[in-house]
Amino acid sequence: MIVVMAAIQEAQGYLPKDLLIKAAEELGVPLSDVYGVATFYAAFSLRPRGRHSVNLCLGTACYVKGAPDVQTMLEKEMGIKAGNTTEDRRFSLDLVRCLGACGIAPVMTVNGEVYPRISADKVSEILAKYE
């Protein structure tokens with residue numbers, strides 16, 4: 001089931017409801033089992049995702065060193081709240097509890113690329129790289 005769901009997500013960018021229904025039918029399992037797997041694993045998304053994945057750490061070190069200000073600026077620049085995707089599907093913005101980089105806090109990643117000691121005034125410049 002996971003292999004099928006991963007293939008769907010890779011092709012579609014997320015797990016559309018109609019394809020999950022079809023997968024459940026083809027695999028001969030209840031739709032509730034498919035949804036259970038889809039919602040259990042963080043790698044799966046039931047919503048369309050952006051081409052660029054932005055993750056901002058809100059762990060303790062990042063939080064006290066200014067991550068909330070960075071979050072405010074990211075949301076303003078993107079025009080979305082954390083946990084959402086821009087209308088043009090350019091960006092998805094997620095808050096994470098720890099990126100394991102407390103020594104370079106606050107930190108964010110874009111498509112896995114690490115941006116250390118991030119501040120609100122650097123947000124526009126960084127996002128512009130991902131046109």
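Where does UniProt place the feature "binding site"? An unreviewed UniProt entry puts it at Cys-57, Cys-62, Cys-98 and Cys-102. Those residues are spread over 46 residues of sequence, yet they cluster in space, with a largest C-alpha distance of 9.4 Å. UniProt positions follow the numbering used here, feature names are shortened, and annotations may be inferred rather than shown by experiment.

A quick word on the model: it is predicted, local features need pLDDT of at least 70, side-chain atom pairs count only at pLDDT 80 or more, and totals for chains, interfaces and linings use all residues. Residues are numbered from 1 along each chain as its sequence is written, and side-chain values use heavy atoms, with hydrogens and water left out.

**The whole chain**

- The protein chain has 6 helices and 4 strands, where helices (H or I, at least four residues) and strands (E, at least two) are DSSP runs numbered from the N terminus.
- The C-alpha atoms fill a box of roughly 50 × 30 × 20 Å, taken along the principal axes.
- Of the 131 residues, 39% count as buried; buried means under 20% relative accessible area, exposed over 50%, and partly exposed in between (1.4 Å probe, protein chains only).

- Cys-57 sits in strand β1 (residues 52-57), and it counts as buried because its relative accessibility is 4%.
- Cys-57 touches Cys-62, Ala-67, Val-96, Arg-97, Cys-98, Leu-99 and Val-107, not counting residues up to four places away in sequence; contact means heavy atoms within 4.5 Å.
- Cys-62 belongs to helix α4 (residues 60-64), and at 3% relative accessibility Cys-62 counts as buried too.
- Leaving aside neighbours within four places in sequence, the contacts of Cys-62 include Cys-57, Ala-105 and Pro-106.

- The peptide bond from Ala-105 to Pro-106 is cis, with omega near -10°.
- You'll find Pro-106 in the loop between β2 (91-96) and β3 (108-110).
- Arg-89 has a positive phi, near 60°, and lies in the loop between α5 (67-78) and β2.
- With 32% relative accessibility, Arg-89 counts as partly exposed.
- Arg-117 also has a positive phi, near 45°, and is found in the loop between β4 (113-115) and α6 (123-128).
- Arg-117 counts as partly exposed, at 49% relative accessibility.
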